[in-house]
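Here is a friendly walk through one model, from its sheet to its aromatic rings. Please keep the viewer open while you read.

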Amino acid sequence: MKQQTIVFKVSDNLKKEMIDFYKDRFEEKHPPYSVFQVKDYDCVITLYESGKVMFQGLGADIEASYWTENERIKNNRDINSEIDAEKKKKEEKEADLHDDRFKSVSTIGSDEVGTGDYFGPIIVTASYVARDKMNKLYELGVRDSKKVSDSKILEIGEILMKEYPHVTYILTNSTYNKWGITNMNQVKAILHNRVLTELQKKAKFDYRYIVVDQFCYPTMYFKHISKATEITKNITFTTHAEDKCLSVAVSSIISRYIFLKEMEKMSKELGMNIPLGAGETVDKTAAALVKKYGENKLRDITKLNFKNTEKLKEFL
């Protein structure tokens with residue numbers, strides 16, 4: 001027999017039953033963010049606050065089977081199929097991340113920021129990274145901007161802008177609201193096509209791939225830009241592109257750098273700190289701005305079709 005680990009999320013109606021079932025055997029100390037931990041001679045059972053339960057040990061399958069059977073009877077869930085599907089999904093993701101097509105070749109890539117922020121513009125950048133300029137990026141620690149601290153981005157952003165050919169487009173919220181496009185994927189497609197097309201006009205770049213992170217199916221991407229006067233067509237769409245392709249990572253950081261600078265500028269102009277994202281802090285800040293400058297000001301500084309605009313009524 002071998003050690004096993006079985007993990008799945010328990011349905012709400014079985015959580016209390018599980019706690020009652022094991023309560024007499026709870027360990028005094030249990031892992032952070034866990035509800036309880038039980039240690040039997042052949043299995044350790046840990047229930048986490050998230051609702052996930054983990055069975056570890058030689059008898060993990062036997063211990064877990066009682067609960068998977070309860071899930072089947074009481075909730076019509078096939079836990080084993082769910083575990084298999086999750087495992088397959090994880091394997092596919094790992095295989096995807098090991099995609100090395102772009103590792104040692106020159107590429108053009110684009111990426112965007114600001115699409116999930118109520119305040120601040122949408123910024124899209126396309127960059128060219130030649131094969132002989134890759135080592136510099138490794139030295140700088142370039143990777144997806146979501147995995148690099150803002151302080152690091154502010155440190156290296158300007159360096160990348162000076163040393164790597166790129167084109168950036170800033171879509172202000174004023175223009176975004178005038179466009180009236182409610183499908184954010186369409187907005188992104190239009191802007192990606194714009195910067196990719198403009199970058200290729202700068203010079204005759206020698207590249208193997210043009211890479212875009214796949215935010216929608218390729219057929220929909222080209223449908224979104226079907227009315228554009230110029231279209232870049234030879235695109236390789238891939239998920240997690242910013243992790244696999246340096247030109248996308250460079251574009252991600254440049255876009256984020258400019259976005260942070262734009263937010264800093266907006267904060268100074270409005271006389272208060274303007275938060276990122278679209279959460280409750282953003283709602284409160286928007287309400288304070290309406291009180292200070294009037295409701296019309298929102299047309300210039302926010303994406304009006306976001307739910308935040310409707311939620312403002314709660315704060316005014």
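Let's start in the sheet, where threonine 46 stands opposite methionine 54 in strand 4. This is a predicted model, in which local features need pLDDT of at least 70 and side-chain atom pairs count only at pLDDT 80 or more, while totals for chains, interfaces and linings use all residues. Residues are numbered from 1 along each chain as its sequence is written, and side-chain values use heavy atoms, with hydrogens and water left out.

**The sheet and its helices**

Strand 3 and strand 4 pair in the antiparallel sense over four bridges; strands pair if DSSP finds at least two bridges between them. Helices (H or I, at least four residues) and strands (E, at least two) are DSSP runs, numbered from the N terminus. Three residues separate strand 3 from strand 4 in a hairpin, and glycine 51 in the turn has a positive phi of about 100°.

On another side of the pairing scheme, strand 1 and strand 4 (residues 52-57) are joined in the antiparallel sense by six bridges. Here valine 7 stands opposite methionine 54, and phenylalanine 8 stands opposite valine 53.

Taken together, four strands make an open, antiparallel sheet in the order 1-4-3-2. From one strand to the next, the twist averages 10°.

Helix 1 (residues 12-22) packs on this sheet and touches strand 2, strand 3 (44-48) and strand 4, its direction making about 40° with that of strand 2. Contact here means heavy atoms within 4.5 Å. Helix 2 (residues 60-75) lies across strand 1, strand 3 and strand 4, at about 20° to strand 1. For these angles, axes are lines fitted to C-alpha atoms, for helices over the stretch in contact, and angles run from 0 to 180 degrees between N-to-C directions.

**Serine 34**

Serine 34 lies in strand 2 and is buried, with a relative accessible area of 6%. Buried means under 20% relative accessible area, exposed over 50%, and partly exposed in between (1.4 Å probe, protein chains only). Leaving aside residues up to four places away in sequence, serine 34 touches Thr46, Leu47, Tyr48 and Glu49.

**Aromatic rings**

A search of the whole structure finds 16 aromatic pairs. Rings of Phe, Tyr and Trp (its six-membered ring) pair if their centres lie within 6.5 Å; planes under 30 degrees apart count as stacked, over 60 as edge-to-face and the rest as tilted. Two of the pairs are listed here.

| Pair | Centre distance | Plane angle and class |
|---|---|---|
| phenylalanine 21 and tyrosine 22 | 4.9 Å | 80°, edge-to-face |
| phenylalanine 102 and tyrosine 209 | 5.0 Å | 90°, edge-to-face |
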